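Open the model in your viewer and keep the selection panel at hand. The tour goes from one chain to the interface and then to the details.

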Amino acid sequence: MSKVALDRLVEKFSEEIVSTHDRHGDDTAIVKTQKLVEIMTFLRDDPTCAFEMLTDLTGVDLLGVEELRFQVVYHLYSLSKNHRLRIKVELPEEEPVVPSILEVWKAANWMEREAWDLYGIKFDGHPDLRRILLYPEFEGHPLRKDYEREQRQPLIPAREGREHL
Amino acid sequence: MSEENVLGNEAAVTTVEAAEGFFRKLLSRDEVQNTVNWGRKWSFFQYPFVTACCGMEYMATAGPRYDYSRFGAELPRFSPRQADLMMVVGTITHKQAPILRNVYEQMADPKWVVSFGVCASSGGFYRNYATVQGIDTIIPVDVFIPGCPPRPEAVLDAIMMLQDKVSKERRPLLPVVR
């Protein structure tokens, strides 16, 4: 996998990058949150990188494994150049906030809502950060590792003689 | 009570007797004779409450090869007011559960529910925070069809089972008659 985009990123934003690797052929860069929107705008607009498409935005909960509990992972794809890049951001447990990249790619809108819904990661600057997959009455963020697995929050009670398993 | 047979056949000869015979047959408790149940079981108007992949097999059963039109159940009515058989096809989440309950309550009696596929019958392989573990926790179900998705033959078998169930039923014909 060509490391062109990764090299350009390191060249331009060397202080913001925590680490990079390309294990299994996937170019990955772990960056700090402060200049995230600027980095993303650069990756989209720079002619060598040309990442027109955000294919995925997801959260990761590393409770007990890493010191910084949450991560947000961005997968970028360039349609014109056919290369991919993964950007990761590490967030502490007490304040899992990351700037929203909604102005860079519109696709981030619902993806950030999903990360909020399931992980509780806040996206600063998102105009409408509310639940997307679950219902508003749901309490908690179910994909966190400390959400009790067998916990159920039904909206309507079970019929007589039955129970919600 | 039979009088002289002017027509020369052995059927009920007087109009009174014919009428009595008709109503007797209509309301009889005998499963074979009961005309009302016969009518109901051969004319299901389905409400296909399709949410997921089982809908593909539902459509296949509707197609010409497996064809549930043979059972008189062809016409899907997408309004619960006009339907009597609700087929819950696919996964029902807790978010969808109030909607399902609402639609079920809007259907008029007599109504039956078929739980199509394992997700509707028991939650399927989604044993998690989001999925209702079987729709019989929220609405009464008459027939469960296992399968992920069920073969169309299983669906037709279920319709036949439901027909057996309907023919044995005893429901009031009108609220005032009983």
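Helices (H or I, at least four residues) and strands (E, at least two) are DSSP runs, numbered from the N terminus. This is a predicted model, in which local features need pLDDT of at least 70 and side-chain atom pairs count only at pLDDT 80 or more, while totals for chains, interfaces and linings use all residues. Residues are numbered from 1 along each chain as its sequence is written, chains are lettered from A and ligands numbered from 1 in the order in which they are written, and side-chain values use heavy atoms, with hydrogens and water left out.

**Stop 1: chain A**

Select chain A and colour by secondary structure. Read from the N terminus, the order is α-β-β-α-β-β-β-β-α-β. Along the principal axes, the C-alpha atoms fill a box of roughly 65 × 30 × 30 Å.

Now pick helix α1 (residues 4-12) of chain A. Show the side chains of R8(A) and E11(A). They meet in a salt bridge at 3.1 Å, N to O; the term means a side-chain nitrogen of Lys or Arg within 4 Å of a carboxyl oxygen of Asp or Glu. Why does the pair lie about one helical turn apart? Because R8(A) and E11(A) are three residues apart in α1. Over all chains, the structure holds 16 salt bridges.

Move on to H24(A), in the loop between β1 (17-21) and β2 (28-31) of chain A. Its phi is positive, about 60°, although H24(A) is not a glycine. Most residues other than glycine have a negative phi.

**Stop 2: the interface**

Show both chains. Select the residues in contact, meaning heavy atoms within 4.5 Å. On chain B there are 14 of them, and they touch 23 residues of chain A. Next, select H94(B), K95(B) and Y129(B). In chain B these lose the most area to chain A, together 45% of what that side buries. The area buried between the chains is about 1,600 Å², and carbon and sulfur atoms give 62% of it. Buried area is the accessible area (1.4 Å probe) that two parts lose on being put together, summed over both.

How many salt bridges are there between chain B and chain A? The count is two. Zoom in on R127(B) and E150(A), whose side chains meet in a salt bridge at 3.6 Å, N to O.

**Stop 3: cis peptide bonds in chain B**

Select D109(B) and P110(B). The peptide bond from D109(B) to P110(B) is cis, with omega near -10°. P110(B) sits in the loop between α4 (97-106) and β3 (112-116) of chain B. Then select C148(B) and P149(B). A cis peptide bond joins them too, with omega about -10°. Look for P149(B) in the loop between β4 (143-145) and α6 of chain B. Most peptide bonds are trans.

**Stop 4: a cavity in chain B**

Which residues line the largest cavity? Select L85(B), M87(B), V114(B), A158(B), I159(B) and L162(B). A cavity is a set of points, on a 1 Å grid over the protein atoms alone, where a 1.4 Å probe fits but cannot get out; lining residues have an atom within 4 Å of a point. The volume, the space filled by probe spheres set on the points, is about 30 Å³ for the largest cavity. β2 (85-89) and α6 (152-167) of chain B each supply at least two lining residues. α6(B) gives the most, with three.

Conventions:
On a 1 Å grid over the protein atoms alone, a cavity is a set of points where a 1.4 Å probe fits but cannot get out, and a pocket is an open set with protein on both sides within 12 Å along at least five of seven lines; lining residues have an atom within 4 Å of a point.
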